[in-house]
Amino acid sequence: MSGGGGIGELPRKEASVLKGHEGAVLAARFNADGNYCLSCGKDRTIRLWNPHRGILIKTYKAHGREVRDVHCTQDNSKLSSCGGDRQVFYWDVATGRVIRKFRGHDSEVNAVKFNEYASVVVSAGYDRSVRAWDCRSHSTEPIQIIDTFLDSVMSVSLTKSEIIAGSVDGTIRTFDIRIGREISDDLGQPVNCIALSNDGNCILASCLDSTLRLLDRSTGELLQEYKGHTCKSYKMDCLLTNNDACVTGGSEDGIIFFWDLVDASVVSSFRAHASVVTSVSYHPTDSCMISASVDGTIRVWKT
């Protein structure tokens, strides 16, 4: 490999193990500047860590069921979370106080994301809907509901003007909020996670046929497929490394894979966990990654 994607620069050395969750960890995410990370899981808690020093900073408890996803605002002051109790929580990071609970989903909520201004949080659920909530208003009614999906919505990404969501119905749907237009790309396989490339031109989709697919955002064209891992029954993250040179994702056997973006060859794979790798998150600037697993741990990987 040439350029910035050399194998020596991939984060494959275990720097620390973050322990504290009881049971499966379902998501782990770096914050905006990469100094901290958040995790959530089956034990109904959200945890804030300093992954570089390997220490737990704070634990957030209020959810009544497992917590499936968590996202932090750009300024690190607020976080949102969702899960099995069908609610979207909006928290103050410093005090650990729940500012608001957004209710409206009829079933478990799989994913949450803030818009870049942290004024809106968007959630995706088993009830086949995506909902947008206004963080600044005291209303707990959604400001928008998108319910054109035919099955559970597993993952959501946002751009300045679009909501992009992936569903078990096999589609990735892009909604242009400004003009009210929907574009649907049918992958023909259940989608359990989507991620945008760093240049914003592509969507990476993890599908339940153990294949990651890369789509051109402007045309919907399938550009590449990545295989070798096992993904059949778990929601598992996928992403592109910071320079978009490699695709990375976990596997149900505890292995993390790195693929060359262009030719889809497996550049590296290594056993990271004792069980399913549910989540991977890349540091915003450095070659550093965190992974989370059903084995109850979050692991920090560096070069």
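A disulfide is a covalent bond that joins the sulfur atoms of two cysteines. For C37, the closest cysteine sulfur belongs to C288 and lies 9.0 Å away, which is too far for a bond. C231 is likewise in no disulfide, with the nearest cysteine sulfur, that of C207, 8.1 Å away. With buried taken as under 20% relative accessible area, exposed as over 50% and partly exposed as in between (1.4 Å probe, protein chains only), C37 is buried at 1% relative accessibility, and C231 is buried at 0%.

The model is predicted: local features need pLDDT of at least 70, side-chain atom pairs count only at pLDDT 80 or more, and totals for chains, interfaces and linings use all residues. Residues are numbered from 1 along each chain as its sequence is written, and side-chain values use heavy atoms, with hydrogens and water left out. The protein chain has a mean pLDDT (the predictor's confidence in each residue, from 0 to 100) of 96, and 97% of its residues reach 70 or more. Residues 1–5 are where pLDDT stays under 50; the model gives them 9 contacts (heavy atoms within 4.5 Å) beyond four places in sequence.

Attention can now turn to a pocket, meaning an open set of points on a 1 Å grid over the protein atoms alone, where a 1.4 Å probe fits, with protein on both sides within 12 Å along at least five of seven lines. Lining residues have an atom within 4 Å of a point. The second largest pocket is lined by 19 residues, and those nearest its centre are L26, R68, Y126, Y234 and K235.

Technical notes: A disulfide is a pair of cysteine sulfur atoms within 2.5 Å.
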